[in-house]
Amino acid sequence: MNKDIILKEVGKIIIPLVQLFGIYVIINGHLSPGGGFSGGTVLGTSLIIMHLIYGEDLVRSIYSRKKLLVGISSSLIFYTIIKGYSFLSYELELPHPPLGNFGSILSAGFILPLNIAVGIVVACVFYIIFSIFIKDEV
Amino acid sequence: MDIILTNYFETGAVILFGVGFATLMLHRNLIKKIIGMNIMDTAIFLFFIAKGYIKGKDAPIIINSFKGVDSYINPIPSALMLTGIVVAVTTTAFALALTIKLYNHYQTVDLEVILRMRGENND
Amino acid sequence: MINYIPIINILILILFSFVMMLIKKNNIVKFISLASNVFIFLLSILLVKKVLIEEVITLSIGNPSNLLGIEFYVGKSEALVGLVFTFVMVMILWYSKFNLEKEVEENRLSFFYILINILLASLLGVIYTNDLFNSYVFIEVSTLSACGIIILKDKKENIKATVKYLIMSTIGSGLVLMAIAYIYSITGHLNISNIHEIIINNYQFHRNAVLIILGLFTVGLGIKSAVFPLHSWLPDAHSSAPTPASAALSALVIKVYVFMLMKVLFRMFSYEIVNSFIIMDIILLLGSMGMIFGSIMAIMQKELKRMVAYSSVAQMGYIVFGIGLGTISGTAIAIYHIIGHAVTKSSLFLISGLFIKKTGSKKIEDLKGIGREMPFTLGLFTLGAFSMVGIPILPGFISKWYLSLTCIEVGRVPLILIILASSLLNLLYYFPIVINGYFGNENLEGKIYKSKKIPFVRLLPIFLLVLSMIVIGGMSYNLIGLFSI
Amino acid sequence: MRKISASLITIILISILLIGVSDLPEFGKENNPSNNILSKTYIENTSKETGAANIVTGIILDYRALDTLMEATVLFSGVTVIILLFKV
């Protein structure tokens with residue numbers, strides 16, 4: 001039965017590393033190459049690998065379809081509200097976000113939270129599409 | 001005509017676009033048509049990115065100090081193509097989903113056969 | 001603050017579609033969708049009022065200087081077309097409030113409203129934006145959500161029609177993106193007005209490239225807006241979709257790409273530049289072929305919705321014909337026909353949906369004697385058919401009339417024959433339905449008078465659409481004066 | 001027959017686009033029209049106005065943020081359409 005013992009053990013080590021790298025790429029989007037889209041793809045792939053190695057029930061327990069959809073919609077609502085605020089901030093002279101000191105992680109005003117929102121959307125979209133294709137029905 | 005030889009990136013992209021277009025038009029298998037669509041989109045991204053390259057300049061990321069305006073390549077095509085890539089990915093995912101559904105309904109992936117089956121039981 | 005209405009419209013529509021994804025119960029989703037669209041409609045009225053005073057509103061998003069960020073350019077024609085589109089979408093949503101349950105299962109209903117909101121946001125985006133790449137992204141969103149509403153009914157025909165539609169529209173957007181790449185490499189700008197300033201003085205040096213750009217835009221946007229030889233996806237897609245979806249598709253979605261083509265041809269390149277290329281004669285040829293062959297194919301159709309879909313191809317021929325004339329009055333009539341046709345076609349599609357629901361069959365023969373059972377509904381259909389054929393004071397006639405005036409003005413008088421021939425052909429496929437409906441006496445005996453009558457409340461959205469069609473026809477003179485690209 | 005017409009269309013398309021390419025400015029040149037005032041203003045102002053070191057991210061998320069918002073909407077409607085397609 002346990003032909004895939006190697007896969008499971010190696011997976012236990014590699015998947016957290018891949019996810020850590022994905023989070024690093026998203027958070028440092030405004031400092032180094034990368035950003036929401038590429039970091040989100042890395043995260044999405046790590047979810048797909050977890051689905052392949054540990055089967056669907058483990059992943060479904062942690063990231064159920066419902067939670068992923070709520071994740072997508074809430075990060076998109078967050079993105080729209082933040083961008084609505086910044087679009088109107090020029091007209092209504094609303095205060096701009098603090099830019100922080102150049103080069104540090106918490107710099108560049110809204111760009112960090114937006115990157116995280118886009119990263120979550122991309123990761124969840126990739127995993128949902130993959131999980132639908134594998135099971136052929138919702 | 002010699003510009004075609006010096007603009008070798010754009011020429012390569014246009015030929016790749018032609019290859020993708022031919023795959024899309026000639027093959028009857030839906031999966032091959034989707035691969036053709038992908039080749040076409042990638043060719044356009046190559047063409048667009050090649051527009052932004054300037055010889056002897058490096059990537060538009062300010063590492064530690066701002067090295068003046070003339071030492072970075074043109075960042076706009078790369079910014080636009082991020083959007084283009086996501087569009088191509090989503091269209092491919094949707095086309096593959098449709099192919100799966102068509103296979104469930106018609107048990108074939110050959111677009112000509114599917115199209116020839118006129119709606120026999122349209123409700 | 002009113003200047004920011006275009007971007008507020010788009011953001012609200014998208015925001016509410018994300019919110020609707022989180023909600024389970026269908027009637028809350030229906031309420032949110034209708035409420036957001038009515039709110040957008042009111043905002044568009046304010047926008048039109050402001051634009052009528054202030055000629056043009058240019059609004060740069062993301063950065064105050066118009067060079068860096070994305071720029072919205074809202075002139076009189078954009079504001080009015082946006083207003084009519086939101087009005088038609090509110091009517092479609094009102095109609096689908098009680099008629100959609102029959103056609104679509106319960107658990108798929110909320111997806112229709114989510115996709116309709118995203119579709120309207122992207123359509124308004126393409127109309128308002130003045131930035132080339134931004135309009136490409138809006139075009140992609142509108143294509144994807146249009147494919148979404150087609151596959152609402154999980155039938156074989158829907159999926160087959162969507163595959164064909166998706167493949168052809170991917171080719172179309174590939175060509176459009178290639179054209180944007182060419183334009184960017186020549187001018188270096190993405191903003192249509194900035195490109196215009198550069199292209200004026202250096203288009204002589206790149207004559208081949210400019211001709212190819214025009215060709216790519218025409219073919220790419222032509223595929224997506226079902227211009228004649230590239231329209232083979234439209235009849236299957238629009239006839240298999242559920243009725244409110246096919247009304248939205250036929251009346252609104254295919255118009256937006258032609259509007260984009262007008263912006264590219266006349267605002268990015270000016271009238272003089274475009275007329276110096278042969279592309280205008282090609283567009284004129286496409287338009288006139290569409291007018292003739294679209295109507296011929298519509299005559300041969302047996303099913304009602306396919307016939308109305310083919311008549312959309314014919315009407316797109318009129319709009320492209322207006323563009324092909326290449327004069328300011330030509331484009332003004334093309335925009336007028338976009339508005340007139342949007343209102344007429346949506347009412348025709350919604351009524352044919354009612355016919356199919358009541359008689360249970362899609363064939364045109366079974367509609368004989370329908371006038372006895374549903375006299376008032378067929379009356380509205382007749383008004384729509386009159387406008388299509390070209391009875392005076394209705395928008396169809398006015399665009400045909402002014403098109404022939406422009407033909408004389410441009411000096412191409414023989415083209416008027418094409419207009420006359422196509423309106424005659426229109427006659428051949430709309431009037432049989434009306435005549436057989438009311439006077440076809442051979443199968444009237446089985447039908448009881450007003451037996452399948454539809455309660456007036458259900459007919460209100462279609463009645464308002466037909467009423468607005470007459471209003472558009474009535475105030476056509478000052479409307480056409482407003483339109484210009 | 002269909003194969004011949006399709007390959008003919010492709011050859012015509014490639015030749016047209018190649019004629020177009022021959023009309024375009026040099027590849028990788030300094031003073032190409034595409035590297036004009038717009039790209040220089042972006043390079044200059046991004047770090048000052050948005051604070052982002054990666055100019056491309058600054059353009060995506062601050063100057064042309066509407067593009068990226070519509071991008072996320074494409075992904076969102078992609079997921080909605082695929083869930084709709086496979087909903088039993």
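I started with chain C, where helix α4 (residues 109–128) and helix α10 (residues 243–268) pack at an angle of about 25°, with their axes 9 Å apart. The axes are lines fitted to C-alpha atoms over the stretch in contact, and angles run from 0 to 180 degrees between N-to-C directions. α4(C) and α10(C) are therefore roughly parallel to each other (angles under 35 degrees count as such).

A note on the source: this is a predicted model, where local features need pLDDT of at least 70, side-chain atom pairs count only at pLDDT 80 or more, and totals for chains, interfaces and linings use all residues. Residues are numbered from 1 along each chain as its sequence is written, while chains are lettered from A in the order in which they are written.

Next I looked up the handedness: the crossing of α4(C) and α10(C) is left-handed (the near helix is turned anticlockwise from the far one by less than a right angle). On the α4(C) side, the contact (C-beta atoms, placed from the backbone, within 7 Å) includes Ile116(C), Leu119(C) and Leu123(C). Among the α10(C) partners I found Leu252(C), Val256(C) and Phe259(C).

Then I turned to helix α8 of chain C, residues 207–224 (helices are DSSP runs of H or I, at least four residues, numbered from the N terminus). α8(C) has 18 residues and reaches 26 Å from first C-alpha to last, close to the 26 Å expected at 1.5 Å a residue (1.5 Å times one less than the number of residues). I also saw that Ala226(C), which follows α8(C), has a positive phi, near 55°.

Last, I checked chains A and B: six residues of chain A are in contact with five residues of chain B.

Technical notes
Helix = DSSP H or I, 4+ residues; strand = E, 2+ residues; numbered from the N terminus. Parallel < 35°, antiparallel > 145°, perpendicular 65-115°, else oblique. Contact = placed C-beta atoms within 7 Å.
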